[in-house]
Amino acid sequence: MPMTMTEKILARHAGLDTVAPGDLIEVKVDRTLANDITAPIAIKVFRETGVKGVFDRDRVTLVADHFVPNKDIASAQQVKLMRDFAREHNITHYYEGGESGIEHVILPEKGLVLPGEVIIGADSHTCTYGALGAFSTGVGSTDLGVTMATGEIWLKVPPTIRVIIKGTRRPYVGGKDLILYLIGMIGVEGALYSALEFTGDTISGLTMSHRLTMANMAIEAGGKNGIFEPDEATFSFLKAKMPVTPAVLKSDPDARYERVIEIDATAVAPQVAFPHSPANVRDLSQVGTVEIDQAFIGSCTNGSLEDLRDAAAILKGRRAAKGLRLIVIPGSPLIYKQAIQEGIVETLLDAGAVIGPPCCGPCLGGHMGILAEGERAVATTNRNFIGRMGHPRSEVYLSNPAVAAASAVLGKIGGPDDL
Amino acid sequence: MKIEGKVWKFGDDIDTDLIIPARFLNVSDGAELAKSCFADLRPDFAKSVSSGDIIVAGRNFGCGSSREHAPLAIKEAGIALIIAESFARIFYRNAFNIGLPLIESQDAAKELSDGDEACVELSTGIIERVRDVKRFEGNAIPLFMAELIGAGGLVEYTRKKKMRQ
C-alpha cells in the first residue's frame, strides 16, 4: 500500500509493513527530550513506573533552556532536579550552562537528530526536527516519563496534508513568512492531528534554517508533525555528524493525502501575525502604524546564525529607535561564537541591542525581556497568545528577523524597504 | 461513571498560556499550580471551583504548549470533566494520561452556560442540563482513552500492561 513519509517512518518504528491514518500503534523511539520545565514531572512519572533505569542513557536528552540561567529559586530547584537525575542515570546528553542552548537549536546542531528517526519531546516545538526528515512530535511530561522508561510510545497515525509551495520568494520572504502565511490560511486548528508535509521547488530552495523555522511552527496550526523530504541540503547540513548515510524515506508518488494545499510563493509578502494568535496574519504592507516598545530576535523559531545575519544586515550602521528595547538571543553557544567571529555581535551592540545568553528567554514570558501593561513587542518567536511575553494587557506581533530588525530601527512595525 | 457539577463556560482557542501562565511554571506541584489556574483570564476561578465542576468550551481547547501543568492545574482545581467542541491534540493526550476525562460535543458546547448545573454519564457521553433536563450528545470517549481513564492514567495502564506480558 502506498504510504506518505510520515506513515513509512511510523510503520518502520512499529515493526509493521504498513500503517494507515487512524491506526493506534506502539512505536520505538530514537530519542526523548525534556527541558527544565517539563523534566521535573517527567522524572516523577519515570520513578512511578518502577523501572530501574532509562531505556537508553545515550538516547534520553535533557536540556536546561527555558528558565535558565536560573531565573529564581524555584527554577533553580527544577534545574537541579533534572541535573541530579542526569547524573544518577549517567545521561550522556544532558546540557546546561555554557554547553546548553535552546533545545531545538542544539539537537540538530549536535547531530542528535537524523532523517527517518522518531523523536519525542516534552515541548510542543519538538516538531522542529521534521525539517531533517524525522518524525518528531511534542508530548506531555507523563508520556515522556513513561517513554524514558520503556523506549516506546503509543501514537495514532496522523493523516498527511501535503503543502506544495512553488515559485521564487520575494525579497525578505523566508520560512517564517511561508509558515505564517499557511497558518493564516488554515487557522490554528487547520492541521489538527495531521502531518504537514512540505514540498515544491520553493521548499527545495530553502536552507535548513528556513525549513527548521517552518517545521517548528507546525504545532501552531494544530499539527502533529511537520516534515520535509531529506535532500542535498539536509545531508550537507548533517555532513560531519552522520556516521552513515541513512536510508531516505520518501512519500510514495501515489500516497494518499487528506488534503493538498498549493501556495504560490511569488504571492507571499513578509507576514506579521497580530495579537493574539499566530493565525491573525497580515501582509507587512497592511500593518498600518503600530508603535512598539521592544523587538526580540531569537527563539527556537528564528535563533539561527542565518537569522542573526539577516537581522545584522538590516541593523548595520543603524541604531534601534530611542526608547525601544532591542533584545537578541543567539540560539546556541556555537551560533553566539560564530556571530562574534562574523562581526554580527558588534553590529548588534552598535545598534543598541541587548544580547542574551542562549536560552528561550522572553519567548514564553520567562525572563530577559518581559512586557509591562500596555507594551507592544515585535518578536521572531512562534506564539503571541494573551500574556505570552508578560502582562496580559501587552501585545506581541510575530515576524521574521529582517522585519523585527527594521521595526527596531523605525520604532514601529515596518520592513527593510521602509528604512 | 457519573459526573455532576457546575459549568464554567469558556470560548474558542483557550490556550495553555491562559490556563497556566508561564510565570507559574517554576513549580510542578499540582495543588500549587491549581491556585494559578486561569489566573489572568478568570481570577475568581481557582478559589471558586468546587470538586466535580465541569468546564465547557468551544473549539480547540488547550491549544499551544505541551505543558502538562495545564490539565494538571485544571484537575487539581477540582474540575472533573471538560466538554468542548474540539480539543488540541497534545492537551487531549495529557488530560487522559493524568486521568482527566474529555468529551467532544458541539451541541453541549454551544448551549450550556456559565453556572448551569450539568450531569454527565461518561460511558455514554450523554450530557444533561439539570434545570430543564435538556440532553446533549457527546462523542463517546474512544476505547483506548477510556482504558487509560479506567486504569487511572498512563502510568497505571503501562504498569498493568507490562504485568500482563
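Colleague: Which residue just after α1(A) takes a positive phi?
Modeller: That is G15(A), with a phi of about 70 degrees. Bear in mind that this is a predicted model.

Colleague: And α1 of chain A, is that helix mostly covered or mostly open?
Modeller: Helix α1 of chain A, residues 5-14, is mostly covered, with eight of its 10 residues buried.

Colleague: Which ones are buried in α1(A)?
Modeller: M5(A), T6(A), E7(A), K8(A), I9(A), L10(A), A11(A) and H13(A). Buried here means that 20 or more other C-beta atoms lie within 10 Å of the residue's own.

Colleague: OK, zooming out. How is chain A divided?
Modeller: Into domain 1, residues 5-263, and domain 2, residues 271-418. Taken over C-alpha atoms, the centres of the two domains of chain A are 24 Å apart.

Colleague: How many residues are in contact between domain 1 and domain 2 of chain A?
Modeller: On the domain 1 side 31 residues take part, and on the domain 2 side 32.

Colleague: Which elements of domain 1 of chain A give two or more residues to the side that touches domain 2?
Modeller: In chain A, those are α4 (103-109), α6 (175-186) and α8 (208-216). The one that gives the most is α6(A), with six residues.

Colleague: What is that side made of, by class?
Modeller: The side of domain 1 of chain A that touches domain 2 has 12 nonpolar, 13 polar and six charged residues.

Colleague: Switching to the other chain. How many helices and strands are in chain B?
Modeller: Chain B has eight helices and seven strands. Its radius of gyration is 15 Å, close to the 15 Å from the globule rule for 165 residues, so chain B is as compact as a globular protein of that length.

Colleague: What does the C-alpha trace of chain B span?
Modeller: About 50 × 40 × 25 Å along the principal axes of chain B.

Colleague: What share of chain B is buried?
Modeller: Buried residues are 53% of the 165 in chain B. As for contacts in chain B with a separation of 6 or more, 68% are between residues 24 or more positions apart.

Definitions and conventions:
Residues numbered from 1 in each chain as written. Chains lettered and ligands numbered in written order. Predicted model: local features only at pLDDT ≥ 70, side-chain atom pairs only at ≥ 80, totals over all residues. Helix = DSSP H or I, 4+ residues; strand = E, 2+ residues; numbered from the N terminus. Rg over C-alpha atoms; globule rule 2.2 N^0.38 Å. Buried ≥ 20, exposed ≤ 12 C-beta atoms within 10 Å, placed from the backbone. Contact = placed C-beta atoms within 7 Å. Domains from an automatic or database assignment. Nonpolar A, V, L, I, M, F, W, Y, C, P; charged D, E, K, R; others polar.
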